[in-house]
Amino acid sequence: MSSTKDYVNLHFAVFLWGFTAILGKLISIPAVEMVFYRTLISAIGMGALILVRRETFVVSPGDLVKLLLTGIVVGTHWLTFFLAVKISNPSTALVGFATCSLWAALLEPIVKKKKIQFVEVFLGAVVVAGLYIIFSFDFQYPMGLLLGIASGITVAIFGVINSLIVHRVNSTAITFYEMIGACISIGVFMMFMTTDLQLVPTALDWLWISILALVCTVYAYAVAIELMKRLSVFFIQLSLNLEPVYGIILALLIFGEKEVMGWSFYVGTAIILAAVLLYPLLKSKLYRVEN
């Protein structure tokens, strides 16, 4: 049975995920090196969590290969997201990322061979309209927004993949192996980079990276998994959609004038966030009508 404490803990986890964009801006090393350390520390932390909870690392060879390959998608998601943060600002990256639930709504029926609902197409069109408004009025960070959208697409892809595996593999083990796959793929990518790597973070960078990996990834994920036992999928999905809202508010509070942009950005953002927040409400209503 859920309690007020459960709702508070869920929103705290969502708040922590919204805070990742802020940390990405605060960390001085480039996005590639940052993601490498985040995935490495997250894999170690998730492995420790499995040991503490006495859960299993065992998965079938086929699932192991799928999870490690999915880790490449996870690494690409974080890389595009933090590149967006670095070359623009947290708000821009978060607006692009906010499209993830609607990408998932369009991708999942294709993968699972289900009919795409009209509400999903309609809200997708609303998101496109919001993006058009942002782009069409002298927007300063077009590449940052495109990378943010790419991060939204990739998180939708691995979310759909995980939904096919989660019924037979422990959720914590899924994340553990995906972190390993992400870390390895980013490590291989770094080997072919032509620019000089910054592999020695500052002391302050280590603090931010540790918070990013252990608090915003391992802790927040563990809390969310535990809450799934007591809270409805609908309420969790609705709360997760607030991540960009929390992140944008935090960015304005922390970075002040550096985050302030033109009216078209906020109009387009409001349209996108409205579509994202409306999706689970309309989806739930449609499901009740059909059943």
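Phe15 and Phe19 both lie in helix α1, which spans residues 4-26, and they are 4 residues apart, about one turn of the helix; helices here are DSSP runs of H or I with at least four residues, and strands are E runs of at least two, numbered from the N terminus. The model is a predicted one, in which local features need pLDDT of at least 70 and side-chain atom pairs count only at pLDDT 80 or more, while totals for chains, interfaces and linings use all residues. Residues are numbered from 1 along each chain as its sequence is written, and side-chain values use heavy atoms, with hydrogens and water left out.

Across the whole structure, a search finds 13 aromatic pairs. One of these, between Phe15 and Phe19, is stacked, with 6.4 Å centre to centre and 10 degrees between the planes. Rings of Phe, Tyr and Trp (for Trp, its six-membered ring) are taken to pair if their centres lie within 6.5 Å, and planes under 30 degrees apart count as stacked, over 60 as edge-to-face and the rest as tilted. Phe15 is partly exposed, with a relative accessible area of 31%, where buried means under 20%, exposed over 50% and partly exposed in between, for a 1.4 Å probe and protein chains only.

Tyr37 and Trp206 form an edge-to-face pair, at 5.0 Å centre to centre and with 65 degrees between the planes. Because Tyr37 lies in helix α2 (residues 31-52) and Trp206 in helix α9 (residues 203-227), this pair ties together parts that are 169 residues apart in sequence. Tyr37 counts as buried at 11% relative accessibility, whereas Trp206 is partly exposed, with a relative accessible area of 34%.

On the surface, Phe12, Phe15, Leu214, Val215 and Tyr219 form a nonpolar patch with about 400 Å² of accessible area together. The elements that give two or more residues to this patch are α1 and α9, and its largest share, 3 residues, comes from α9. Patches are made of residues with over 30% relative accessible area and no salt bridge, with nonpolar side chains (Val, Leu, Ile, Met, Phe, Trp, Tyr) joined within 5 Å and like charges within 9 Å; a salt bridge is a side-chain nitrogen of Lys or Arg within 4 Å of a carboxyl oxygen of Asp or Glu, and accessible areas come from the Shrake-Rupley method with a 1.4 Å probe.

Within helix α2 lies Thr39, which counts as buried at 0% relative accessibility. A polar atom of the Thr39 side chain lies 2.9 Å from the backbone oxygen of Phe36.

Notes
Polar contact = N/O pair within 3.5 Å; in protein donor to acceptor, adjacent residues only side chain to side chain.
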